[in-house]
Amino acid sequence: MNSVATQHARVLSGMRPTGRLHLGHYHGVLKNWVELQHEYDCYFFVADWHALTTHYDDPSIIPGSVWDMVIDWLAAGVNHGESRVFIQSQVPEHAELHLLLSMITPLGWLERVPSYKDQQEKLKEKDLATYGFLGYPLLQSADILIYKAGLVPVGEDQVAHVELTREVARRFNHIYGREANFEEMAEAAVKKMGKKSAKLYTRYRKAYQEQGDSEALEAARALLETQQNITVNDRERLFGYLEGGGRIILPEPQPLLTKASRMPGLDGQKMSKSYGNTIALRDDPEVVENALRRMPTDTNRVRRNDPGDPARCPVWQFHEVYSGDDVREWVQNGCKSAGIGCIECKQPVIDAVLRELAPIQERAREFEAQPELVRNIIAEGTEAARDVAQETMAEVRHAMSLLYR
Ligand code: TRP
Ligand code: SF4
């Protein structure tokens, strides 16, 4: 494992454009993004090419979904002042890196990714025996590596894709990080750090390579991070040299597992569009209120006088997300003793959901009213993302001998 990427602490994540988002997305992903952006250099993008891998037969729905999703991100608090928000296909460098990575990626690595067969099984009505679909996780690797992202916030289902990304990066660095005169260049870079740092680095490197001293490795990495007068390339050489490898051109990212959100749907199953049990972030308050009022409760509680059991009731799961200890206690006692009715029990949930949605919906209305603003936010984010992507591609082309000058 190398820590180049984690130390730069760039965060990258993407979402396929699925249209308007719901509370499941908000609790499972967006709240997390909003927090991360205060702490890290964040890149959030719409994975429209990934959507094409499964929707190639009906791409016309994608653009509308893209804008709807972007508005929901912004409404939920993703802040374009803090994060770069952009659309994958507007940074064509992702495709170039995907192509170049495809040269070194063994077919078996892609065929073994669990989502490959799973999704083909699940979406049986679609022909997913395509080149593009097999390459889905490699395109994702390109998305991540092109920004040298250190952390990739994802759910459990995407961890295998980040793992593949790490393997591809390792292979890339192994093949292309070995410049002919690597040792000389690394030694020259050591000297450029100045006498004191050079001596420390050499001592740490020796301690790590000869005695496996991992504290020395950490110390050397920290030392490299603080060096002001060496170039990015030299720093990468020195990271690689430290561990006995070549230059680290594409650092390995880490998955940042989002705490599994227990956002229940209106029927108590996980909230998901395919179950038809969602509350969309932009649903009208009356619609939300009605949906919650109509929610099923403990089926054993037929009459108001029957005692119930919250453990058997989807409404209780909402209380677990939205209510404090006092309300929860009131629910537990009131339900089991038939002291409260179900309508009564739902009221604090209704209030809490509406309270949560109100500021989101207000911001959404502002963005809906200013499509130009939304387009500008994306244009700005795209430009910033492209700067970084182009820089990486220059290094990648150079490493792969694709510079004809
Ligand atoms: N495959 C991801 C999903 O379905 C979306 C995605 C595409 C992504 N590229 C990415 C996520 C890069 C994280 C990093 O959710
Ligand atoms: Fe569910 Fe509340 Fe009714 Fe009990 S009182 S069954 S927890 S809605």
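**Working through the salt bridges**

Arg247 is buried, with a relative accessible area of 3% (buried means under 20%, exposed over 50% and partly exposed in between, using a 1.4 Å probe and protein chains only). This is a predicted model, in which local features need pLDDT of at least 70 and side-chain atom pairs count only at pLDDT 80 or more, while totals for chains, interfaces and linings use all residues. Residues are numbered from 1 along each chain as its sequence is written, chains are lettered from A and ligands numbered from 1 in the order in which they are written, and side-chain values use heavy atoms, leaving out hydrogens and water.

**Exercise 1.** Find the salt-bridge partner of Arg247 and say where the two residues sit.

*Solution.* Start with the partner: Glu236 forms a salt bridge with Arg247, and their closest N and O atoms are 3.1 Å apart (a salt bridge is a side-chain nitrogen of Lys or Arg within 4 Å of a carboxyl oxygen of Asp or Glu).

**Exercise 2.** Which parts of the chain does the pair Arg166 and Glu252 tie together?

*Solution.* First, the distance: the closest N and O atoms of this salt bridge are 3.4 Å apart. Then the location: Arg166 belongs to helix H10 (residues 159-176) and Glu252 to the loop between helix H14 (232-242) and strand S5 (254-257), so the bridge links parts 86 residues apart in sequence. Last, the accessibility: Arg166 counts as buried at 10%, and so does Glu252 at 7%.

**Exercise 3.** Are Arg303 and Asp306 buried or exposed?

*Solution.* These two residues form a salt bridge, with 3.9 Å between the closest N and O atoms. Arg303 is exposed, at 58% relative accessible area, whereas Asp306 is buried, at 16%. Elsewhere, salt bridges that share partners join Arg20, Asp68, Asp72, Arg282 and Glu368 into one network.

**Exercise 4.** Now put the pairs in context: how many salt bridges does the structure hold, and how much of the chain is buried?

*Solution.* Count the bridges: there are 22 in the structure. Then look at the fold: the chain has 19 helices and 5 strands, and its C-alpha atoms fill a box of roughly 85 × 45 × 40 Å along the principal axes. To finish, 49% of the 405 residues count as buried.

Technical notes: Helices (H or I, at least four residues) and strands (E, at least two) are DSSP runs, numbered from the N terminus.
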